[in-house]
Amino acid sequence: MAGDGEVDWKTRALPDATTRRRLLLAANDRMSAVFEAIDAAPALRHGMLEPALAAIEATDFGEPVEAEAAIAELVAALAVRPGWQLHRMAFGMFTPQPIFPGVVGELIAASMNPQLSTAESAPVAYAIERRLIDLLGGALGFPQGERAGHFTAGGAEANTTALIVALTRAFPDASRTGLAGLSQTPVLYVSAAGHPTWTKAARITGLGTDNLRKIATDARGRMLAPALQAAIDADRAAGRRPLMVAATAGTTVAGEIDPLTEILAIAQRVGLYLHVDAAWGGSATLSPRARSWFAGIEGADSVTLDSHKWLGMPLAAGVFLSRDAAALRAAFAADSYFTDGESDDLSVSSLQWSRRANGLKLYLSLKMMGLTGFVEMIDHAIELGETLKAALTERGWRIENDTPLPVVCFNDPGGAAPQAIAQRLNLRGQAFVTAMTLAGRPVLRAGIVNAKTEAADIWRLMDHLDAARRAVKPEPART
Ligand SMILES: Cc1ncc(COP(=O)(O)O)c(C=O)c1O
(Lines give C-alpha, C1' and ligand atoms only; values in the text may rest on other atoms or scores of the structure.)
Protein backbone atom coordinates (compact mmCIF):
# COMPACT_ATOMS: atom_id res chain seq x y z
CA MET A 1 0.00 0.00 0.00
CA ALA A 2 1.23 3.45 -0.82
CA GLY A 3 1.36 5.84 2.10
CA ASP A 4 -0.19 9.32 2.29
CA GLY A 5 1.08 11.53 -0.47
CA GLU A 6 2.61 8.61 -2.31
CA VAL A 7 1.47 7.45 -5.70
CA ASP A 8 0.61 3.76 -5.77
CA TRP A 9 1.41 1.38 -8.62
CA LYS A 10 -2.10 1.48 -9.99
CA THR A 11 -2.15 5.23 -10.35
CA ARG A 12 1.17 5.04 -12.16
CA ALA A 13 -0.03 2.23 -14.43
CA LEU A 14 -3.42 3.74 -15.23
CA PRO A 15 -3.19 7.50 -14.62
CA ASP A 16 -6.25 9.73 -14.81
CA ALA A 17 -7.07 11.74 -17.92
CA THR A 18 -5.33 14.89 -16.71
CA THR A 19 -2.12 13.04 -15.95
CA ARG A 20 -2.26 11.17 -19.26
CA ARG A 21 -2.56 14.45 -21.09
CA ARG A 22 0.31 15.99 -19.15
CA LEU A 23 2.62 13.05 -19.75
CA LEU A 24 1.78 12.71 -23.42
CA LEU A 25 2.38 16.43 -23.90
CA ALA A 26 5.66 16.13 -22.03
CA ALA A 27 6.81 13.29 -24.29
CA ASN A 28 5.67 15.17 -27.37
CA ASP A 29 7.40 18.41 -26.34
CA ARG A 30 10.66 16.67 -25.60
CA MET A 31 10.60 14.88 -28.97
CA SER A 32 9.62 18.05 -30.84
CA ALA A 33 12.64 19.81 -29.36
CA VAL A 34 14.85 16.98 -30.61
CA PHE A 35 13.28 17.10 -34.08
CA GLU A 36 13.67 20.86 -34.30
CA ALA A 37 17.32 20.72 -33.32
CA ILE A 38 18.23 17.72 -35.36
CA ASP A 39 18.91 19.24 -38.75
CA ALA A 40 21.19 21.88 -37.29
CA ALA A 41 23.27 19.13 -35.66
CA PRO A 42 25.59 16.79 -37.57
CA ALA A 43 23.82 13.94 -39.38
CA LEU A 44 25.70 11.52 -37.13
CA ARG A 45 27.01 12.61 -33.73
CA HIS A 46 30.01 10.89 -32.31
CA GLY A 47 31.42 10.53 -28.81
CA MET A 48 28.16 10.91 -26.89
CA LEU A 49 26.98 7.36 -27.07
CA GLU A 50 29.23 5.79 -24.45
CA PRO A 51 27.95 7.82 -21.46
CA ALA A 52 24.34 7.17 -22.51
CA LEU A 53 24.97 3.44 -22.71
CA ALA A 54 26.78 3.43 -19.37
CA ALA A 55 23.79 5.15 -17.73
CA ILE A 56 21.47 2.45 -19.04
CA GLU A 57 23.81 -0.27 -17.83
CA ALA A 58 23.79 1.32 -14.36
CA THR A 59 19.99 1.55 -14.12
CA ASP A 60 18.70 -0.63 -11.30
CA PHE A 61 14.92 0.10 -11.53
CA GLY A 62 14.85 0.21 -7.71
CA GLU A 63 12.50 3.07 -6.96
CA PRO A 64 10.07 4.66 -9.41
CA VAL A 65 11.42 7.78 -11.07
CA GLU A 66 9.04 10.71 -11.38
CA ALA A 67 7.19 10.19 -14.68
CA GLU A 68 8.14 13.39 -16.50
CA ALA A 69 11.78 12.99 -15.51
CA ALA A 70 11.79 9.41 -16.80
CA ILE A 71 10.27 10.52 -20.09
CA ALA A 72 12.74 13.37 -20.48
CA GLU A 73 15.65 11.06 -19.71
CA LEU A 74 14.57 8.47 -22.28
CA VAL A 75 14.06 11.01 -25.08
CA ALA A 76 17.38 12.69 -24.28
CA ALA A 77 19.19 9.34 -24.35
CA LEU A 78 17.64 8.39 -27.69
CA ALA A 79 18.51 11.82 -29.08
CA VAL A 80 22.21 11.02 -28.64
CA ARG A 81 21.96 8.78 -31.69
CA PRO A 82 18.45 9.40 -32.92
CA GLY A 83 18.71 7.13 -35.90
CA TRP A 84 20.29 8.30 -39.11
CA GLN A 85 16.94 8.36 -40.88
CA LEU A 86 15.60 11.32 -38.88
CA HIS A 87 18.03 13.81 -40.42
CA ARG A 88 17.23 15.55 -43.70
CA MET A 89 20.77 14.69 -44.85
CA ALA A 90 20.12 11.00 -44.25
CA PHE A 91 20.63 9.07 -47.47
CA GLY A 92 20.87 5.63 -45.95
CA MET A 93 18.75 2.53 -45.89
CA PHE A 94 15.05 2.64 -46.42
CA THR A 95 13.52 3.02 -42.97
CA PRO A 96 12.54 6.68 -43.11
CA GLN A 97 11.51 9.19 -40.51
CA PRO A 98 7.94 8.17 -39.68
CA ILE A 99 5.27 10.57 -40.84
CA PHE A 100 3.26 12.16 -38.04
CA PRO A 101 -0.18 10.72 -38.91
CA GLY A 102 1.43 7.30 -38.61
CA VAL A 103 2.80 8.20 -35.19
CA VAL A 104 -0.66 9.24 -34.00
CA GLY A 105 -2.14 6.02 -35.40
CA GLU A 106 0.57 4.08 -33.58
CA LEU A 107 -0.31 5.77 -30.32
CA ILE A 108 -3.96 4.90 -30.79
CA ALA A 109 -3.13 1.29 -31.70
CA ALA A 110 -0.89 0.96 -28.65
CA SER A 111 -3.41 2.57 -26.33
CA MET A 112 -6.59 0.85 -27.48
CA ASN A 113 -4.70 -2.36 -28.25
CA PRO A 114 -7.19 -4.21 -30.48
CA GLN A 115 -6.40 -7.93 -30.49
CA LEU A 116 -6.53 -9.01 -34.11
CA SER A 117 -6.22 -12.75 -33.68
CA THR A 118 -9.92 -13.11 -34.44
CA ALA A 119 -12.32 -10.92 -36.37
CA GLU A 120 -14.72 -11.11 -33.42
CA SER A 121 -12.26 -9.77 -30.88
CA ALA A 122 -11.49 -6.65 -32.92
CA PRO A 123 -14.09 -6.27 -35.68
CA VAL A 124 -13.26 -2.66 -36.53
CA ALA A 125 -9.50 -3.15 -36.66
CA TYR A 126 -10.15 -6.31 -38.66
CA ALA A 127 -12.28 -4.42 -41.19
CA ILE A 128 -9.59 -1.74 -41.43
CA GLU A 129 -6.91 -4.33 -42.15
CA ARG A 130 -9.10 -5.94 -44.81
CA ARG A 131 -9.74 -2.54 -46.40
CA LEU A 132 -6.00 -1.82 -46.56
CA ILE A 133 -5.20 -5.23 -48.02
CA ASP A 134 -7.83 -4.52 -50.65
CA LEU A 135 -6.29 -1.12 -51.43
CA LEU A 136 -2.70 -2.37 -51.65
CA GLY A 137 -3.72 -5.54 -53.53
CA GLY A 138 -5.62 -3.33 -55.96
CA ALA A 139 -2.54 -1.14 -56.50
CA LEU A 140 -0.59 -4.29 -57.40
CA GLY A 141 -3.31 -5.22 -59.88
CA PHE A 142 -4.62 -8.26 -58.02
CA PRO A 143 -8.21 -8.84 -59.23
CA GLN A 144 -11.06 -8.17 -56.85
CA GLY A 145 -11.83 -11.33 -54.85
CA GLU A 146 -8.11 -12.26 -54.97
CA ARG A 147 -6.81 -9.78 -52.44
CA ALA A 148 -5.88 -11.70 -49.32
CA GLY A 149 -3.07 -11.17 -46.84
CA HIS A 150 -2.24 -9.43 -43.61
CA PHE A 151 0.16 -7.07 -41.90
CA THR A 152 3.39 -8.58 -40.65
CA ALA A 153 6.25 -7.57 -38.41
CA GLY A 154 8.18 -6.80 -41.59
CA GLY A 155 9.57 -8.05 -44.85
CA ALA A 156 11.36 -10.95 -43.19
CA GLU A 157 8.08 -12.36 -41.88
CA ALA A 158 6.29 -11.69 -45.17
CA ASN A 159 8.98 -13.47 -47.19
CA THR A 160 8.98 -16.42 -44.79
CA THR A 161 5.19 -16.54 -44.99
CA ALA A 162 5.43 -16.78 -48.79
CA LEU A 163 7.77 -19.76 -48.59
CA ILE A 164 5.54 -21.57 -46.10
CA VAL A 165 2.49 -20.99 -48.31
CA ALA A 166 4.35 -22.19 -51.42
CA LEU A 167 5.52 -25.33 -49.61
CA THR A 168 2.11 -26.28 -48.26
CA ARG A 169 0.42 -25.53 -51.57
CA ALA A 170 2.81 -27.72 -53.54
CA PHE A 171 3.02 -30.45 -50.88
CA PRO A 172 -0.23 -30.49 -48.87
CA ASP A 173 0.93 -33.59 -46.97
CA ALA A 174 4.07 -31.85 -45.77
CA SER A 175 2.06 -30.18 -43.02
CA ARG A 176 1.74 -33.66 -41.53
CA THR A 177 4.89 -35.44 -42.59
CA GLY A 178 7.31 -32.54 -42.52
CA LEU A 179 9.74 -31.96 -45.35
CA ALA A 180 11.45 -35.24 -44.52
CA GLY A 181 8.39 -37.05 -45.89
CA LEU A 182 8.65 -35.51 -49.37
CA SER A 183 9.50 -37.68 -52.34
CA GLN A 184 11.18 -34.77 -54.12
CA THR A 185 13.40 -32.02 -52.76
CA PRO A 186 11.80 -28.58 -53.27
CA VAL A 187 14.00 -25.74 -54.53
CA LEU A 188 13.70 -21.97 -54.05
CA TYR A 189 15.19 -19.50 -56.55
CA VAL A 190 16.17 -15.96 -55.68
CA SER A 191 18.63 -13.61 -57.33
CA ALA A 192 22.10 -13.05 -55.96
CA ALA A 193 20.89 -9.51 -55.14
CA GLY A 194 17.86 -10.83 -53.22
CA HIS A 195 17.50 -10.03 -49.55
CA PRO A 196 19.28 -12.18 -46.90
CA THR A 197 15.88 -12.92 -45.34
CA TRP A 198 15.57 -15.69 -47.96
CA THR A 199 18.49 -17.51 -46.35
CA LYS A 200 16.70 -17.26 -43.02
CA ALA A 201 13.43 -18.43 -44.57
CA ALA A 202 15.17 -21.44 -46.14
CA ARG A 203 16.60 -22.37 -42.75
CA ILE A 204 13.47 -21.71 -40.69
CA THR A 205 11.17 -23.71 -42.95
CA GLY A 206 13.51 -26.69 -43.09
CA LEU A 207 13.98 -26.26 -46.84
CA GLY A 208 17.69 -25.84 -46.22
CA THR A 209 20.11 -23.44 -47.82
CA ASP A 210 21.42 -26.20 -50.09
CA ASN A 211 18.07 -25.90 -51.82
CA LEU A 212 18.21 -22.13 -52.20
CA ARG A 213 19.60 -21.17 -55.60
CA LYS A 214 21.14 -17.72 -55.90
CA ILE A 215 20.56 -16.86 -59.55
CA ALA A 216 23.14 -14.69 -61.30
CA THR A 217 22.33 -11.06 -62.05
CA ASP A 218 23.40 -8.56 -64.66
CA ALA A 219 25.82 -5.78 -63.73
CA ARG A 220 22.94 -3.77 -62.26
CA GLY A 221 21.81 -6.56 -59.96
CA ARG A 222 18.75 -7.77 -61.89
CA MET A 223 18.01 -11.48 -62.05
CA LEU A 224 19.00 -13.02 -65.39
CA ALA A 225 15.89 -14.88 -66.58
CA PRO A 226 17.87 -17.32 -68.77
CA ALA A 227 20.01 -18.23 -65.74
CA LEU A 228 16.81 -18.89 -63.78
CA GLN A 229 15.55 -21.16 -66.54
CA ALA A 230 18.87 -23.00 -66.67
CA ALA A 231 18.86 -23.58 -62.90
CA ILE A 232 15.30 -24.90 -63.05
CA ASP A 233 16.21 -27.26 -65.89
CA ALA A 234 19.23 -28.55 -63.97
CA ASP A 235 17.17 -29.19 -60.83
CA ARG A 236 14.48 -30.98 -62.79
CA ALA A 237 17.04 -33.15 -64.53
CA ALA A 238 18.41 -34.07 -61.11
CA GLY A 239 14.94 -35.11 -59.92
CA ARG A 240 14.37 -32.09 -57.67
CA ARG A 241 11.14 -30.08 -57.59
CA PRO A 242 11.42 -26.38 -58.52
CA LEU A 243 9.05 -24.81 -55.99
CA MET A 244 9.17 -21.06 -55.95
CA VAL A 245 10.93 -18.07 -57.44
CA ALA A 246 11.28 -14.93 -55.35
CA ALA A 247 11.79 -11.97 -57.66
CA THR A 248 12.81 -8.62 -56.19
CA ALA A 249 11.14 -5.35 -57.17
CA GLY A 250 13.51 -2.80 -55.70
CA THR A 251 16.72 -4.54 -54.65
CA THR A 252 18.01 -3.36 -51.30
CA VAL A 253 21.30 -1.99 -52.58
CA ALA A 254 20.42 -0.68 -56.04
CA GLY A 255 16.62 -0.44 -56.26
CA GLU A 256 16.64 -2.58 -59.38
CA ILE A 257 13.48 -4.33 -60.48
CA ASP A 258 13.93 -7.89 -61.72
CA PRO A 259 12.43 -8.60 -65.17
CA LEU A 260 9.05 -9.51 -63.71
CA THR A 261 7.20 -10.35 -66.94
CA GLU A 262 9.95 -12.72 -68.05
CA ILE A 263 10.10 -14.36 -64.63
CA LEU A 264 6.31 -14.61 -64.53
CA ALA A 265 6.32 -16.35 -67.93
CA ILE A 266 8.87 -18.90 -66.67
CA ALA A 267 6.92 -19.43 -63.43
CA GLN A 268 3.71 -20.03 -65.37
CA ARG A 269 5.35 -22.36 -67.85
CA VAL A 270 7.07 -24.45 -65.18
CA GLY A 271 4.34 -24.26 -62.53
CA LEU A 272 6.40 -22.31 -60.00
CA TYR A 273 4.98 -20.21 -57.19
CA LEU A 274 5.98 -16.59 -57.89
CA HIS A 275 6.59 -14.26 -54.98
CA VAL A 276 7.72 -10.67 -55.53
CA ASP A 277 9.72 -9.11 -52.72
CA ALA A 278 8.79 -5.45 -53.17
CA ALA A 279 9.56 -4.61 -49.55
CA TRP A 280 10.72 -1.08 -50.17
CA GLY A 281 10.01 -0.45 -53.86
CA GLY A 282 6.45 -1.76 -53.91
CA SER A 283 4.96 1.33 -52.30
CA ALA A 284 5.52 3.08 -55.62
CA THR A 285 2.75 0.97 -57.17
CA LEU A 286 0.38 3.48 -55.56
CA SER A 287 1.69 6.19 -57.89
CA PRO A 288 0.24 6.21 -61.41
CA ARG A 289 3.59 7.53 -62.63
CA ALA A 290 5.42 4.46 -61.32
CA ARG A 291 2.93 1.62 -61.71
CA SER A 292 4.17 0.48 -65.14
CA TRP A 293 7.70 -0.09 -63.75
CA PHE A 294 6.23 -3.10 -61.92
CA ALA A 295 4.49 -4.71 -64.91
CA GLY A 296 4.09 -8.41 -64.20
CA ILE A 297 3.64 -8.03 -60.44
CA GLU A 298 -0.11 -8.49 -60.90
CA GLY A 299 0.58 -12.09 -61.94
CA ALA A 300 2.48 -12.96 -58.75
CA ASP A 301 1.02 -15.38 -56.22
CA SER A 302 2.11 -13.10 -53.42
CA VAL A 303 4.02 -9.90 -52.69
CA THR A 304 5.95 -8.38 -49.78
CA LEU A 305 5.41 -4.66 -49.24
CA ASP A 306 6.68 -2.85 -46.15
CA SER A 307 4.63 0.22 -45.28
CA HIS A 308 7.29 1.06 -42.67
CA LYS A 309 9.64 1.85 -45.50
CA TRP A 310 8.60 4.26 -48.23
CA LEU A 311 5.10 4.88 -46.86
CA GLY A 312 6.70 6.32 -43.74
CA MET A 313 4.91 4.22 -41.11
CA PRO A 314 6.61 3.75 -37.75
CA LEU A 315 8.04 0.23 -37.38
CA ALA A 316 6.57 -2.25 -37.72
CA ALA A 317 4.15 -2.40 -40.62
CA GLY A 318 5.11 -5.02 -43.17
CA VAL A 319 2.42 -6.42 -45.44
CA PHE A 320 2.04 -9.85 -47.02
CA LEU A 321 -0.32 -9.76 -50.00
CA SER A 322 -1.61 -12.95 -51.57
CA ARG A 323 -4.07 -13.85 -54.29
CA ASP A 324 -5.20 -17.01 -52.51
CA ALA A 325 -6.94 -16.83 -49.11
CA ALA A 326 -7.50 -20.60 -49.04
CA ALA A 327 -3.76 -21.25 -49.44
CA LEU A 328 -3.09 -19.08 -46.40
CA ARG A 329 -5.58 -21.02 -44.29
CA ALA A 330 -4.15 -24.33 -45.51
CA ALA A 331 -0.67 -23.19 -44.50
CA PHE A 332 -1.44 -21.82 -41.05
CA ALA A 333 -4.73 -23.19 -39.65
CA ALA A 334 -4.36 -25.13 -36.42
CA ASP A 335 -7.02 -26.61 -34.14
CA SER A 336 -7.96 -23.98 -31.69
CA TYR A 337 -10.10 -23.40 -28.64
CA PHE A 338 -11.82 -20.41 -30.16
CA THR A 339 -11.79 -20.49 -33.93
CA ASP A 340 -12.21 -23.05 -36.67
CA GLY A 341 -9.87 -23.71 -39.57
CA GLU A 342 -12.36 -22.40 -42.11
CA SER A 343 -12.70 -18.94 -40.63
CA ASP A 344 -11.05 -15.80 -41.94
CA ASP A 345 -9.51 -15.09 -38.57
CA LEU A 346 -5.94 -13.90 -38.85
CA SER A 347 -4.73 -16.46 -36.31
CA VAL A 348 -5.97 -19.09 -38.80
CA SER A 349 -4.36 -17.58 -41.88
CA SER A 350 -1.03 -16.25 -40.67
CA LEU A 351 2.08 -17.01 -38.66
CA GLN A 352 1.14 -14.91 -35.66
CA TRP A 353 -1.47 -15.63 -32.99
CA SER A 354 -2.09 -12.62 -30.82
CA ARG A 355 -1.82 -9.87 -33.33
CA ARG A 356 -1.12 -6.19 -33.08
CA ALA A 357 -3.23 -3.91 -35.30
CA ASN A 358 -0.30 -2.68 -37.37
CA GLY A 359 -2.60 -1.36 -40.08
CA LEU A 360 -4.32 1.28 -37.94
CA LYS A 361 -1.53 3.81 -38.44
CA LEU A 362 -1.64 3.41 -42.21
CA TYR A 363 -5.42 3.73 -42.20
CA LEU A 364 -5.31 6.92 -40.16
CA SER A 365 -2.50 8.30 -42.32
CA LEU A 366 -4.43 7.59 -45.52
CA LYS A 367 -7.44 9.35 -44.02
CA MET A 368 -5.38 12.35 -42.88
CA MET A 369 -3.24 12.70 -46.04
CA GLY A 370 -5.59 11.23 -48.61
CA LEU A 371 -4.28 8.76 -51.14
CA THR A 372 -3.25 11.78 -53.20
CA GLY A 373 -1.00 12.93 -50.35
CA PHE A 374 0.78 9.58 -50.38
CA VAL A 375 1.16 9.69 -54.16
CA GLU A 376 2.68 13.16 -53.88
CA MET A 377 5.05 11.94 -51.15
CA ILE A 378 6.18 9.04 -53.38
CA ASP A 379 6.55 11.25 -56.44
CA HIS A 380 8.54 13.79 -54.41
CA ALA A 381 11.12 11.10 -53.57
CA ILE A 382 11.21 9.91 -57.18
CA GLU A 383 11.87 13.47 -58.36
CA LEU A 384 14.65 13.94 -55.80
CA GLY A 385 16.18 10.67 -57.00
CA GLU A 386 16.18 12.11 -60.53
CA THR A 387 17.74 15.34 -59.24
CA LEU A 388 20.46 13.36 -57.49
CA LYS A 389 21.21 11.34 -60.60
CA ALA A 390 21.37 14.47 -62.76
CA ALA A 391 23.57 16.27 -60.23
CA LEU A 392 26.01 13.36 -59.97
CA THR A 393 26.29 13.15 -63.74
CA GLU A 394 26.77 16.90 -64.04
CA ARG A 395 29.59 16.79 -61.48
CA GLY A 396 31.32 13.92 -63.25
CA TRP A 397 30.46 10.96 -61.04
CA ARG A 398 29.73 7.58 -62.63
CA ILE A 399 26.26 6.16 -62.00
CA GLU A 400 26.40 2.40 -61.44
CA ASN A 401 22.72 1.45 -61.27
CA ASP A 402 19.78 2.27 -63.46
CA THR A 403 16.48 2.35 -61.65
CA PRO A 404 13.65 4.86 -61.65
CA LEU A 405 13.37 4.30 -57.87
CA PRO A 406 15.03 6.92 -55.65
CA VAL A 407 18.33 5.25 -54.85
CA VAL A 408 21.57 5.91 -56.67
CA CYS A 409 24.77 3.82 -56.67
CA PHE A 410 27.77 5.72 -57.94
CA ASN A 411 31.53 5.98 -58.05
CA ASP A 412 34.29 8.48 -58.60
CA PRO A 413 35.76 7.74 -62.02
CA GLY A 414 39.07 9.05 -60.61
CA GLY A 415 39.18 5.99 -58.35
CA ALA A 416 38.56 7.46 -54.87
CA ALA A 417 37.45 4.56 -52.68
CA PRO A 418 33.71 4.53 -51.82
CA GLN A 419 34.43 3.38 -48.27
CA ALA A 420 36.79 6.31 -47.64
CA ILE A 421 34.33 8.85 -49.06
CA ALA A 422 31.39 7.50 -47.07
CA GLN A 423 33.49 7.39 -43.91
CA ARG A 424 34.58 11.00 -44.34
CA LEU A 425 31.02 12.28 -44.81
CA ASN A 426 29.67 10.17 -41.98
CA LEU A 427 32.44 10.93 -39.50
CA ARG A 428 32.04 14.64 -40.10
CA GLY A 429 28.28 14.27 -39.76
CA GLN A 430 27.78 16.05 -43.09
CA ALA A 431 25.41 13.44 -44.44
CA PHE A 432 24.77 9.77 -44.04
CA VAL A 433 25.60 7.70 -47.12
CA THR A 434 26.72 4.10 -47.33
CA ALA A 435 29.45 2.17 -49.12
CA MET A 436 28.18 -1.13 -50.45
CA THR A 437 28.82 -3.83 -53.00
CA LEU A 438 26.80 -3.97 -56.22
CA ALA A 439 27.27 -7.12 -58.32
CA GLY A 440 30.79 -7.48 -56.88
CA ARG A 441 31.81 -3.81 -57.28
CA PRO A 442 32.25 -1.38 -54.38
CA VAL A 443 29.89 1.58 -54.79
CA LEU A 444 28.64 4.58 -52.88
CA ARG A 445 24.91 4.49 -52.27
CA ALA A 446 22.47 7.27 -51.53
CA GLY A 447 18.75 6.66 -51.05
CA ILE A 448 16.12 9.31 -50.48
CA VAL A 449 14.68 8.27 -47.13
CA ASN A 450 13.40 11.36 -45.37
CA ALA A 451 10.25 13.18 -46.46
CA LYS A 452 11.93 16.38 -45.20
CA THR A 453 14.74 16.16 -47.75
CA GLU A 454 14.58 18.78 -50.52
CA ALA A 455 16.52 19.56 -53.70
CA ALA A 456 18.77 22.01 -51.81
CA ASP A 457 19.89 19.11 -49.58
CA ILE A 458 20.85 17.12 -52.68
CA TRP A 459 23.11 19.96 -53.80
CA ARG A 460 24.61 20.20 -50.31
CA LEU A 461 25.30 16.48 -50.50
CA MET A 462 27.00 17.04 -53.87
CA ASP A 463 29.31 19.67 -52.39
CA HIS A 464 30.28 17.33 -49.55
CA LEU A 465 30.89 14.47 -51.98
CA ASP A 466 33.03 16.61 -54.25
CA ALA A 467 35.10 17.83 -51.31
CA ALA A 468 35.46 14.28 -50.03
CA ARG A 469 36.71 12.85 -53.29
CA ARG A 470 39.27 15.62 -53.56
CA ALA A 471 40.48 14.84 -50.04
CA VAL A 472 40.53 11.07 -50.45
CA LYS A 473 43.40 9.78 -52.48
CA PRO A 474 42.56 7.10 -55.04
CA GLU A 475 43.70 3.64 -54.06
CA PRO A 476 46.99 2.84 -55.82
CA ALA A 477 46.44 0.52 -58.78
CA ARG A 478 47.30 -3.10 -58.00
CA THR A 479 50.06 -4.62 -60.09
C1 LIG B 1 14.05 -6.11 -50.63
C2 LIG B 1 13.93 -6.33 -49.14
N3 LIG B 1 13.30 -7.43 -48.68
C4 LIG B 1 13.15 -7.68 -47.37
C5 LIG B 1 13.63 -6.81 -46.44
C6 LIG B 1 13.46 -7.11 -44.98
O7 LIG B 1 12.40 -6.34 -44.49
P8 LIG B 1 12.22 -6.07 -42.91
O9 LIG B 1 13.45 -5.38 -42.49
O10 LIG B 1 11.00 -5.24 -42.85
O11 LIG B 1 12.05 -7.40 -42.24
C12 LIG B 1 14.28 -5.64 -46.84
C13 LIG B 1 14.81 -4.70 -45.84
O14 LIG B 1 15.52 -3.78 -46.12
C15 LIG B 1 14.43 -5.39 -48.23
O16 LIG B 1 15.05 -4.29 -48.70
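This is a predicted model: local features need pLDDT of at least 70, side-chain atom pairs count only at pLDDT 80 or more; totals for chains, interfaces and linings use all residues.
Local features were considered at pLDDT of at least 70 and side-chain atom pairs only at pLDDT 80 or more, while totals for chains, interfaces and linings use all residues. Residues are numbered from 1 along each chain as its sequence is written.

Seven strands form an open sheet with mixed pairing, in the order β1-β7-β6-β5-β4-β2-β3. Strands (E, at least two residues) and helices (H or I, at least four) are DSSP runs numbered from the N terminus, and two strands pair if DSSP finds at least two bridges between them. The edges are formed by β1 (148-152) and β3 (212-215), each of which pairs on one side only. On average, neighbouring strands are turned by 20 degrees against each other, direction ignored. Within the sheet, β5 (residues 273-277) and β6 (residues 302-306) pair in the parallel sense over three bridges; Asp-277 has Thr-304 of β6 as its bridge partner. Helix α11 (residues 260-270) lies across β4 (241-248) and β5, at about 165 degrees to β4. Such angles run from 0 to 180 degrees between N-to-C directions, with axes fitted to C-alpha atoms, for helices over the stretch in contact.

Asp-277 is also one of the residues around the ligand. A residue is near a molecule if its C-beta atom, placed from the backbone, lies within 6 Å of it. By class, it comprises three nonpolar, seven polar and two charged residues. Here Ala, Val, Leu, Ile, Met, Phe, Trp, Tyr, Cys and Pro count as nonpolar, Asp, Glu, Lys and Arg as charged, and the others, Gly among them, as polar.

Helix α7 (residues 155-170) packs with helix α9 (residues 197-205) at an angle of about 45 degrees, their axes being 9 Å apart. The two helices are therefore oblique; angles under 35 degrees count as roughly parallel, over 145 as roughly antiparallel, 65 to 115 as roughly perpendicular and the rest as oblique. Their contact involves, among others, Gly-155, Ala-156 and Leu-163 of α7 and Thr-197, Trp-198 and Ile-204 of α9, residues being in contact if their C-beta atoms, placed from the backbone, lie within 7 Å. The contact has seven nonpolar, five polar and one charged residues.

The axes of α7 and α12 (residues 325-332) come within 9 Å and cross at roughly 90 degrees, and these helices are therefore roughly perpendicular. In this contact, Ile-164, Val-165, Thr-168 and Arg-169 of α7 meet Ala-327, Leu-328, Ala-330 and Ala-331 of α12, comprising six nonpolar, one polar and one charged residues.

Key: Two residues are in contact if their C-beta atoms, placed from the backbone, lie within 7 Å.
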